[in-house]
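Open the model in your viewer and keep the sequence panel beside it. Each stop below says what to select and what is there.

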Amino acid sequence: DSSNKKILHGRVILLIILLIMSSLELLVLVSTGIYQPLLAIIIGGIVTIIVGMAITYFWKISWHSAMATFFVVMFVSMYGWKTWPLLFLIIVMIWARLILKRHTIWQLLGGVAGSLIIMYSVFRYFDLIV
């Protein structure tokens, strides 16, 4: 329940830990000189976490659907449409979260849309879209 501030606070702490871990990975990548496409993935993940933390503080979104979308967009962007069957992962994730009554359709679509917009923007910036 997103009205429970204790649960929301716990989620924000978890996301801060993920942000710190991703930032450390980014520092390692930059220091080694390895840039693309791994750098784009890490930056996309960091931006997704930051935006997701801001949204989650005020409104519950589905992190399951956001991360499934992140994964699928990453593969489709890097390897082209031959990886299209991965799109079913997003559909299955949305269906499962709805059946379990863990999210509303708007929370699920919010997670998908946020992740999709961020990953598309980052991969477009790094010119990695096939």
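**Before you start**

This is a predicted model, in which local features need pLDDT of at least 70, side-chain atom pairs count only at pLDDT 80 or more, and totals for chains, interfaces and linings use all residues. Residues are numbered from 1 along each chain as its sequence is written, and side-chain values use heavy atoms, with hydrogens and water left out. Helices (H or I, at least four residues) and strands (E, at least two) are DSSP runs, numbered from the N terminus.

**Stop 1: helix α2**

Select residues 38-58. This is helix α2, with 21 residues. From first C-alpha to last, α2 reaches 31 Å, close to the 30 Å expected at 1.5 Å a residue. The expected span is 1.5 Å times one less than the number of residues.

Now colour by accessibility. Buried means under 20% relative accessible area, exposed over 50%, and partly exposed in between, using a 1.4 Å probe and protein chains only. The buried residues of α2 include Leu39, Ile42, Gly45, Ile49, Gly52, Met53 and Thr56.

Ser23 is partly exposed, at 28% relative accessible area.

**Stop 2**

Two packed helices are described by the angle between their axes and the distance between the axes. Axes are lines fitted to C-alpha atoms, for helices over the stretch in contact, and angles run from 0 to 180 degrees between N-to-C directions.

Show α2 and α5 together. They pack at about 145 degrees, with their axes 9 Å apart. Their crossing is right-handed. A crossing is right-handed if the near helix is turned clockwise from the far one by less than a right angle, and left-handed if anticlockwise.

Which residues make the contact? From α2, select Ala40, Ile41, Ile43, Gly44, Val47, Thr48 and Val51; from α5, select Ile118, Met119, Val122 and Phe123. Contact means heavy atoms within 4.5 Å. By class, this contact has nine nonpolar, two polar and no charged residues. Ala, Val, Leu, Ile, Met, Phe, Trp, Tyr, Cys and Pro count as nonpolar, Asp, Glu, Lys and Arg as charged, and the others, Gly among them, as polar.

Move along to Arg124, also in α5. Arg124 is exposed, at 52% relative accessibility. Its C-alpha is 9.5 Å from that of Ala40, 84 residues away along the chain.

Then pick Phe126, in the segment after α5. Is Phe126 buried or exposed? Phe126 is buried, with a relative accessible area of 14%. Phe126 and Leu39 are 87 residues apart in sequence and 9.0 Å apart in space, C-alpha to C-alpha.

**Stop 3**

Select residues 63-79, helix α3. Its 17 residues reach 24 Å from first C-alpha to last, close to the 24 Å expected. Among the buried residues of α3 are Trp63, Ala68, Val72 and Val76. After α3 comes Gly80, with a positive phi near 85 degrees.

Bring α5 back. The axes of α3 and α5 come within 8 Å and cross at roughly 30 degrees. α3 passes α5 in a right-handed crossing. On the α3 side, select Ser65, Ala66, Thr69, Phe70, Val73, Met74, Ser77 and Met78; they meet Leu108, Gly111, Val112, Ser115, Leu116, Met119 and Phe123 in α5. This contact has ten nonpolar, five polar and no charged residues.

Zoom in on Ser65. Ser65 is buried, at 1% relative accessible area. Not counting residues up to four places away in sequence, Ser65 touches Met93, Ile94, Leu108, Gly111 and Val112.

**Stop 4**

Select residues 87-99 for α4 and 105-125 for α5. These helices pack at about 150 degrees, with axes 10 Å apart. α4 and α5 are therefore roughly antiparallel. Angles over 145 degrees count as roughly antiparallel, under 35 as roughly parallel, 65 to 115 as roughly perpendicular and the rest as oblique. α4 passes α5 in a right-handed crossing.

Ile90, Ile94, Arg97 and Leu98 in α4 meet Ile105, Leu108 and Val112 in α5. By class, the contact has six nonpolar, no polar and one charged residues.

Finish at Lys101, in the loop between α4 and α5. Lys101 has a positive phi of about 55 degrees although it is not a glycine. At 72% relative accessibility, Lys101 is exposed.
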